[in-house]
Amino acid sequence: MTVKKLPAQLHLDTLAVRTAVDKSQYGENAEALYLTSSFVQPNAETAARRFAGEEDGYTYSRFGNPTVTSMELRLAALEGSEACIGTSSGMAAITLLCMGLLKAGDHVICSQSVFGSTMRLLAGEFGKFGVQSTFVSQTDVAQWRAAVQPNTRLLFAETPTNPLTDVCDIAALADVAHNAGAVLAVDNCFCSPALQQPIRYGADVVIHSGTKYLDGQGRVIAGALCTTQQLVDEKFMPVMRSAGFTLSAFNAWVVLKGMETLSIRMKAQSDNTLALATWLQDQPQVTRVYYPGLPSHPQHALAMRQQSGLGGAVLSFDVKAADPVQARKHAFHVIDSTLVCSITANLGDTKTTITHPASTSHGRITEAQRQAAGIGQGLIRVAVGLENIDDLKADLARGLVGLNTLL
């Protein structure tokens, strides 16, 4: 069949539903799902060339698959990157990033406010192999600059952070990284390319957990790195072929379809979150709300510039308490009193989720690391979905009002 090529300069919403590999001979409108482990070659000579990388063509799904390629093309188009490589999870993407770029003796600068598993991976697992890590304030560019060493190879940021929604100045960190001859990698899970495209501000690699907003409905585990074609070909694909962080075709297909509704979901969920954050600020049992969409947020103006004028769909808040023991008790009471929200540490779902970061997503890091990141026992994180906002307010009010008997 005749293949029509998409015109240049399409808007993001169009790219989100149209970017993919060419249709097969059957002319399917929805992208095909290629559930196969291997691909038959026309002859031995072609097989040899393809396995050697001398000729394009699929050979084995650990190395590449048309469905995965469609997901990679679509995400790269949304992020504005040259290329993308899919992985089995978001943490696999970060592992691939580090294995591709770092060696023993190299140094990483990382925000002290990132996801707990990222901190453990860098300081713990890669530390065992001689990679040094320094953790600095997410928002203080001077600390990042002061931490640079002659062997610094990677700066790693997550914006907004999980769970306190700290926002970093991507362009400023890009300058620090590039002046040091290092790479800036930005985890864009909380915003997704619907709100924020870090490459526009100078980031070299954008990291995704496709498990979150790219899928958007809590169905699969997936990850990706968006970057230059050169980094994919020379640094990441060789590791992928050997280490096997491969994204399954089925999970890639689910994420591919999820991206079709990404923009409208992010807008609706961001609107819901702003309304809930504004309401929470007025509750007497709440001492502080963390949400970039609120004017009270320390980096509100920066967030509005970087995030298309929206705050995203995740907020956190502290409940009132006299000490850490009481704070944990109160946080658990609020969480356990919900009937609509799902008690789970996942986020990015159309269903609102609620969790206690100090004992779940950041439960494996040390208390000192939690305190440095500002994660107390009274902190609750809510990833806001698409339910009616009045129902969500009522769900949280049930537990908050109940605190009056515990205070």
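**A guided tour of the predicted model**

Begin by selecting Gln269, which is located in helix H11 (residues 262-281). The model on display is a predicted one. Gln269 has a relative accessible area of 0% and is therefore buried. Display its side chain next: the side chain of Gln269 reaches the backbone oxygen of Val384 at 2.9 Å. With neighbours within four places in sequence set aside, the residues in contact with Gln269 are Tyr213, Gly312, Ala313, Asp349, Val384, Gly385 and Leu386.

Proceed to the loop between strand E4 (152-158) and helix H7 (170-179), where Pro160 is found. The peptide bond from Thr159 to Pro160 is cis, with omega near -10°. Pro163 also lies in the loop between E4 and H7, and a cis peptide bond with omega of about 10° joins Asn162 to Pro163. Select Thr165 in this loop between E4 and H7. Thr165 is not a glycine, yet its phi is positive, at about 55°. With a relative accessibility of 1%, Thr165 counts as buried.

Turn now to Gln9, in the segment before helix H1 (12-18). Gln9, a residue other than glycine, has a positive phi near 65°. Its relative accessibility is 77%, so Gln9 counts as exposed.

Finally, select helix H4 (residues 90-101) together with helix H5 (residues 116-125); they pack at an angle of about 30°, with their axes 11 Å apart. H4 and H5 are therefore roughly parallel to each other, and their crossing is right-handed. Met91, Ile94, Thr95 and Cys98 of H4 make the contact with Ser117, Thr118, Leu121 and Leu122 of H5. By class, this contact of H4 with H5 comprises 5 nonpolar, 3 polar and no charged residues.

Technical notes:
Residues numbered from 1 in each chain as written. Predicted model: local features only at pLDDT ≥ 70, side-chain atom pairs only at ≥ 80, totals over all residues. Heavy atoms only, no water. Axes fitted to C-alpha atoms, helices over the stretch in contact; angles between N-to-C directions. Helix = DSSP H or I, 4+ residues; strand = E, 2+ residues; numbered from the N terminus. Parallel < 35°, antiparallel > 145°, perpendicular 65-115°, else oblique. Left-handed = near helix turned anticlockwise from the far one by under 90°. Contact = heavy atoms within 4.5 Å. Nonpolar A, V, L, I, M, F, W, Y, C, P; charged D, E, K, R; others polar. Buried < 20%, exposed > 50% of the residue type's maximum accessible area, 1.4 Å probe, protein only. Polar contact = N/O pair within 3.5 Å; in protein donor to acceptor, adjacent residues only side chain to side chain.
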